[in-house]
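Subject: Structure handover

Hi,

Here is the structure for you to look over.

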Amino acid sequence: MNTQGKMYAGAGDCVRSLIKTPYPRLPRWAEGRSALVFVRGALNSTGVNFLPLYKGLLLPLGAQVIYKSTIFTVHTNLMGLDWGKWTERSPLLKTSAAGTTAGAVNALVWVTPVEFVRNNQIVHGGYRSFLRNFAGMWRGAGLTVARDSLGCASFFVTIDLAKQHLPESINCPLTHGMCAGLGFWAVALPFDTVKTLQQTSEKGGDAQARWMQRLANQPTLVWRGWQVAVMRGLP
């Protein structure tokens, strides 16, 4: 991705953080309901004051700088290596493998602890108790790595496909980024739903057990909130 594309991605992160911050409240506030019902209930709960919806915004907004620096640095360095003949037949294979590795590294090092603290700050309030148990902040690491590794692979592959196949009139970094964002969340949303439930529910608690049982009985629930995911992906 060129410098112009990275600038679009950075600007998109700012908008995406504004949309993404209320999302961890969805499983708790709108159990058994659609995302639209959640939004209506959230607005009714806060009245005309939108600020409570953006509790915990500063942390993810600042973290995006670190996230993207890590992802693009790892991806760029891997793409610059000679991978041998096995990637010559399909350049997308190299892009996919580099994206998978970049997403996994970023998720394991940065995303898991940051999202754990942020999600619990939003849902339960406060963060000091979580910082006392440093290792506990990597709860949900497996799901986060799966989400971001597969999601980033889809992100970079979608960018390349968009460059190759979009009509010339709309073939620009802005539309590349929009397609890539949708590509990311099309793959990542199921993992993100389960991860958020795991991180914000008390371990072994009734709420977590109830949600996991519902997911087992109705797997389509992992796509709940897809409308919000689309809004997050487009910017």
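A search of the whole structure turns up four salt bridges. A salt bridge here is a side-chain nitrogen of Lys or Arg within 4 Å of a carboxyl oxygen of Asp or Glu.

Before the details, the ground rules. This is a predicted model: local features need pLDDT of at least 70, side-chain atom pairs count only at pLDDT 80 or more, and totals for chains, interfaces and linings use all residues. Residues are numbered from 1 along each chain as its sequence is written, and side-chain values use heavy atoms, with hydrogens and water left out.

**Salt bridges**

Start with Glu-115 and Arg-147. Their side chains form a salt bridge, 3.1 Å from N to O. The pair links distant parts of the chain: Glu-115 sits in helix α5 (residues 91–123) and Arg-147 in helix α7 (residues 141–165), 32 residues apart. Helices are DSSP runs (H or I, at least four residues), numbered from the N terminus.

Glu-115 also forms a salt bridge with Lys-195, where the closest N and O atoms are 2.7 Å apart. Lys-195 lies in helix α8 (residues 173–200) and Glu-115 in helix α5, so this pair ties together parts that are 80 residues apart in sequence.

Next, Asp-192 and Arg-147. Their side chains meet in a salt bridge at 2.5 Å, N to O. Asp-192 is in helix α8 and Arg-147 in helix α7, so the pair joins parts that are 45 residues apart in sequence.

Put together, Glu-115, Arg-147, Asp-148, Asp-192 and Lys-195 are linked in a network of salt bridges.

**Burial**

How exposed are these side chains? Glu-115 is buried, with a relative accessible area of 3%. Arg-147 is buried too, at 2%. Asp-192 counts as buried at 2% relative accessibility. Lys-195 counts as buried at 1%. The cut-offs: buried means under 20% relative accessible area, exposed over 50%, and partly exposed in between (1.4 Å probe, protein chains only).

Cys-179 is in no disulfide; its nearest cysteine sulfur, that of Cys-172, is 9.5 Å away. Cys-179 counts as partly exposed, at 27% relative accessibility. Cys-152 is buried, with a relative accessible area of 6%.

Best regards

Note on methods: Helix = DSSP H or I, 4+ residues; strand = E, 2+ residues; numbered from the N terminus. Disulfide = S-S within 2.5 Å.
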